[in-house]
Amino acid sequence: MKAVIYARYSPGPQQREESIEGQIRECTEFAQKQELTIVGQYVDRAATGRNDNRIEFQKMLKDSEKRLFDAVVVWKIDRFGRSREEIAANKVRLRRNGVKVLYAKEHIPDGPEGIILESLLEGLAEYYSANLSQNIKRGMQENALKGLVTGGNVALGYRINKDKKFEIDPFTAPIVKEIFTLYDAGYTAAEINKHLNNKGYKTSRGVPFNKNSFGTILKNKKYIGVYTFDGQETGAAVPAIISEDLFYRVQAKLIKNKKAPGRGKAKVDYLLSTKLFCGHCGSAMVGESGAGRGKVYHYYKCIKRKREKACGKVPVAKDWIEDLVIRETINTVLTDEVITLISENIEAIQRKEQRDNPVAYLQDKLKENEKAAKNLLKAIEQGVLTPTTKSRMKELEHEKAELLATITQEQTARVFVTKEQARYWLEQFRSGEINDPEYRRRLVDTFINAVFLYDPQDDDGNKKIIITFNYTGGTQTVNISDLTPPPPPNNLPSIDKK
């Protein structure tokens, strides 16, 4: 896995530039142990964690869309952020881009149930995001049915009138007709591109054409009067520029000329990465693949054995161990008894957070500030007015404004999830499809803390897998004497033959 490091220190006299070096050092050590390749760093200096308006943090989120890295390594969760809602929302954004967030010094924040609470908040963030998106789409769908513009770039050949409807642009519509006519006549995209640029024509964005400009144009049903939005088509909502006969002749040629795409190498998702450990030496087990007997095999392998040849742990088949862990998680965690326990513990840790949160301390500081300001005002009323008193009053006013803002941020940043809400959310896992990759990933991310894997028949007679779950007392020992994993094939070049 390729990873980047995110580091941050807060503004204030107690925060020092040197703390960045310590964070990066420990994150680098963590990455080495997990066999992650560090490909970059994002560092915010003197930046608050109360919101995500941080330059390097936002750059990291943006770069994640380019799929340049697979994971973000952070020293502790509070370096990623302090607003739990924003942490959840930003993790959802990274996850959608295929990026995991890993903490170098905190595997589980706020106790065993903390990670489940974090996943719960992620689920809420996804729900609110999906709900908002649904409402927005509903409004845009209504506009589309009426033939109104729903936003985005206006297609070449059209312009928007004062009623926010599409109308034919007499200057650019002939370009659209020419593109369809030339393609129907057998000209290639490269030839059409050269022809249009020689004439000085421009795209709807006002830039020269290139050979990739025509895919969207040639498939756009808007040119025959069909408005497509969110997969639904609305007829007679847009004035047509070309005939249906010409449009469908071009579609037939597009299909005929389409070349079969090359088969890209499939990216394998090792579900138990950073969670599976060797039962013999305690080292992490990492994903590994190799070819043999005419097919590709995927395994987990002990890092110590891989690097130093110093552990006798046999590699284990990826599908076998992942299926076993998924089944045991469903059978162990998704019971009424455990769901009740987790729900109650989630509520309990939040109540403890309320007792330990800094709001009470900040409110005491606010009282001290107001008392000092009141005393100063009395002195001024008695005629004691000097440049020093005026300066001190300004300091107190500025301090009060900062305290009020910080108290408001702390109070709004803490959403309390009741045990009933937690229970309802946990019960949703019961209806998941066991073979659905997204469901399996959510189960592992939410409930699995660590998995220690022993060989079926080792020297001291251990025949087990130990799974620790993210709730107090959540440890399950699975006897695998009758569940012997398949041995590695004999001719795998990248996997030890043992």
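Me: Where is T274 found?
Reply: T274 is found in the loop between α9 (244-257) and β9 (276-278); helices (H or I, at least four residues) and strands (E, at least two) are DSSP runs, numbered from the N terminus. This is a predicted model, in which local features need pLDDT of at least 70, side-chain atom pairs count only at pLDDT 80 or more, and totals for chains, interfaces and linings use all residues. Residues are numbered from 1 along each chain as its sequence is written, and side-chain values use heavy atoms, with hydrogens and water left out.

Me: Why is T274 called buried?
Reply: Buried means under 20% relative accessible area, exposed over 50%, and partly exposed in between (1.4 Å probe, protein chains only). T274 has a relative accessible area of 16%, and is therefore buried.

Me: What is noted about the phi of T274?
Reply: T274 is not a glycine, yet has a positive phi of about 70°. Most residues other than glycine have a negative phi.

Me: Why does K309 count as exposed?
Reply: The relative accessibility of K309 is 59%, so K309 counts as exposed. K309 has its place in the loop between α10 (303-308) and β12 (316-317), and its phi, near 55°, is a positive value in a residue other than glycine.

Me: What makes A71 buried?
Reply: A71 has a relative accessible area of 0%, and therefore is buried. A71 lies in strand β3 (residues 71-74).

Me: Which residues does A71 touch, not counting residues up to four places away in sequence?
Reply: A71 touches M1, K2, A3, V4, V99, K100 and L102, where contact means heavy atoms within 4.5 Å. A71 and V99 are 28 residues apart in sequence and 4.8 Å apart in space, C-alpha to C-alpha.
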